[in-house]
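Please view the sequence and the model together while reading.

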Amino acid sequence: MSTNNVRIVDIGRGPQIEGHRITVMDVFYYLHRGYDFDFIQRSMPSLTREQFDVIVQYVNEHQEELVEKDCRVEEFHQRGIEAQHARGGIFAAGGEKLSTEERVARLKAKLNQKLMERDGAGRSH
Amino acid sequence: MPVVLIDANIEGQGIRIWMRMQSAEWRELTAALEVTFKTFQDVGLDLATTDDAIWRFCQAQGFSLLTSNRNQDSNDSLEATIHREGTSTSLPVFTLPSADRVYSDATFIERVVEKLLDFILYADNIRGAGRLYLP
């Protein structure tokens with residue numbers, strides 16, 4: 001698929017813009033969730049309007065398979081997130097409803113604790 | 001000095017996160033941890049660089065990649081490269097699956113900043129972790 005200057009190619013990582021690492025799936029994530037070109041370009045400033053239009057054309061012709069692939073990617077990430085959180089400690093979920101000030105204070109306390117541990121370890125040697 | 005390399009597919013969000021890390025609330029912690037963010041352009045990487053080449057570049061330079069990468073299929077995909085070439089000392093790949101929320105959810109970006117700084121604070125504990133999700 002191409003216009004005069006932009007082609008969609010598959011070099012083994014799924015359809016992508018020739019000469020650019022942005023893939024159809026990268027852009028489809030936003031299209032599928034209702035975002036427009038302006039939003040997508042804010043996320044990927046190197047994406048041109050011409051490249052976007054070619055991707056939209058590709059999406060229109062492969063909608064079903066892209067929806068299915070997007071679902072698989074979401075499931076993959078969800079499994080990864082759950083496995084990460086299950087490790088506990090610094091890998092645990094931190095989704096509590098805290099204010100920014102509380103988050104900053106929590107992290108500062110961890111930093112201070114780590115500095116104290118490092119200083120303590122230094123003194124003991 | 002920890003360096004986070006922003007992938008091309010998430011450049012806008014990466015810069016926004018970096019700006020938030022330099023806000024009045026977060027900048028003291030950001031400075032204490034000596035974190036910095038770089039774009040492909042900053043480090044002279046071509047926008048066509050493949051996943052495996054980027055992963056190797058990051059490991060060689062001591063950078064952690066920030067991406068919303070959604071490709072898993074090929075042998076040179078990020079996921080395949082992490083599994084094939086990752087070791088117990090490899091630097092992680094920070095992954096932001098819901099990248100759109102950086103723009104739409106003020107609490108979300110605070111959680112991302114906190115989690116990222118938390119991971120960087122415990123840098124030795126996250127080596128070899130492969131892919132780490134934010135937040």
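In what follows, a helix axis is a line fitted to C-alpha atoms over the stretch in contact, and angles between axes run from 0 to 180 degrees between N-to-C directions. The model described here is predicted.

In chain B, the axes of α1(B) and α7(B) are 10 Å apart, and the two helices pack at an angle of about 75°. Angles of 65 to 115 degrees count as roughly perpendicular, and α1(B) is therefore roughly perpendicular to α7(B). From α1(B), the residues B:Ile17, B:Arg20 and B:Met21 meet B:Ile109, B:Val112 and B:Val113 of α7(B). Sorted by class, this contact has five nonpolar residues, no polar residues and one charged residue.

## Overall form of chain B

Chain B contains eight helices and five strands. Along the sequence these elements follow the order β-α-α-β-α-α-β-α-β-α-α-α-β. The radius of gyration of chain B is 14 Å, close to the 14 Å given by the globule rule for 135 residues, so chain B is as compact as a globular protein of that length.

Computed along the principal axes in the computational sense, the box filled by the C-alpha atoms of chain B is roughly 40 × 30 × 25 Å. Of the 135 residues in chain B, 44% are buried. Contacts in chain B between residues at least 6 apart in sequence join residues at least 24 apart in 76% of cases.

## Nonpolar cores

The largest nonpolar core has 34 residues, and B:Leu66, B:Phe94, B:Val112 and B:Val113 have the most contacts inside it. At least two residues of this core are supplied by each of β1 (3-6), α1 (11-21), α4 (51-61), β3 (63-67), β4 (93-95) and α7 (106-121) of chain B. The helix α7(B) gives the most, with seven residues. Leaving aside residues up to four places away in sequence, B:Val113 touches B:Ile17, B:Arg20, B:Met21 and B:Trp26.

A second, separate core has 16 residues, including A:Ile17, A:Phe28, A:Phe52 and A:Val54.

## Overall form of chain A

Chain A has five helices and two strands, arranged along the sequence as β-β-α-α-α-α-α. Its radius of gyration is 22 Å, whereas a compact globule of 125 residues would have a value near 14 Å. The C-alpha trace of chain A spans about 70 × 30 × 25 Å along its principal axes.

Buried residues account for 21% of the 125 residues in chain A. Among contacts in chain A with a separation of 6 or more, 49% are between residues 24 or more positions apart.

## Helix packing in chain A

The helices α1(A) and α4(A) pack with their axes 10 Å apart and at an angle of about 95°. This angle makes α1(A) roughly perpendicular to α4(A). On the side of α1(A), the contact is made by A:Val24, A:Met25, A:Phe28, A:Tyr29 and A:His32, and on the side of α4(A) by A:Leu66, A:Val67, A:Lys69, A:Asp70 and A:Val73. The classes represented are seven nonpolar, one polar and two charged residues.

## The interface between the chains

In the interface, 36 residues of chain A are in contact with 39 residues of chain B. On chain A, α1 (24-32), α2 (37-43), α4 (63-86) and α5 (100-123) each supply at least two residues of the side that touches chain B. The largest share of that side, eight residues, comes from α5(A). By class, the side of chain A that touches chain B has 14 nonpolar, 13 polar and nine charged residues.

## Backbone details in chain B

Most residues other than glycine have a negative phi, and most peptide bonds are trans. Two places in chain B may be read against this background.

The residue B:Glu34 has a positive phi, near 55°. It is found in the loop between α2 (27-32) and β2 (36-38) of chain B. B:Glu34 has 10 other C-beta atoms within 10 Å, and is therefore exposed. The peptide bond from B:Leu134 to B:Pro135 is cis, with omega near -10°. B:Pro135 lies in the segment after β5 (131-133) of chain B.

Key. Residues are numbered from 1 along each chain as its sequence is written. Chains are lettered from A and ligands numbered from 1 in the order in which they are written. This is a predicted model: local features need pLDDT of at least 70, side-chain atom pairs count only at pLDDT 80 or more; totals for chains, interfaces and linings use all residues. Two residues are in contact if their C-beta atoms, placed from the backbone, lie within 7 Å. Helices (H or I, at least four residues) and strands (E, at least two) are DSSP runs, numbered from the N terminus. Ala, Val, Leu, Ile, Met, Phe, Trp, Tyr, Cys and Pro count as nonpolar, Asp, Glu, Lys and Arg as charged, and the others, Gly among them, as polar. A residue is buried if 20 or more other C-beta atoms lie within 10 Å of its own, exposed if 12 or fewer, and partly exposed in between; C-beta atoms are placed from the backbone. Angles under 35 degrees count as roughly parallel, over 145 as roughly antiparallel, 65 to 115 as roughly perpendicular and the rest as oblique. The radius of gyration is taken over C-alpha atoms; the globule rule is 2.2 Å times the number of residues to the power 0.38. A nonpolar core is a set of buried Ala, Val, Leu, Ile, Met, Phe, Trp, Tyr and Cys residues joined through C-beta atoms within 7 Å.
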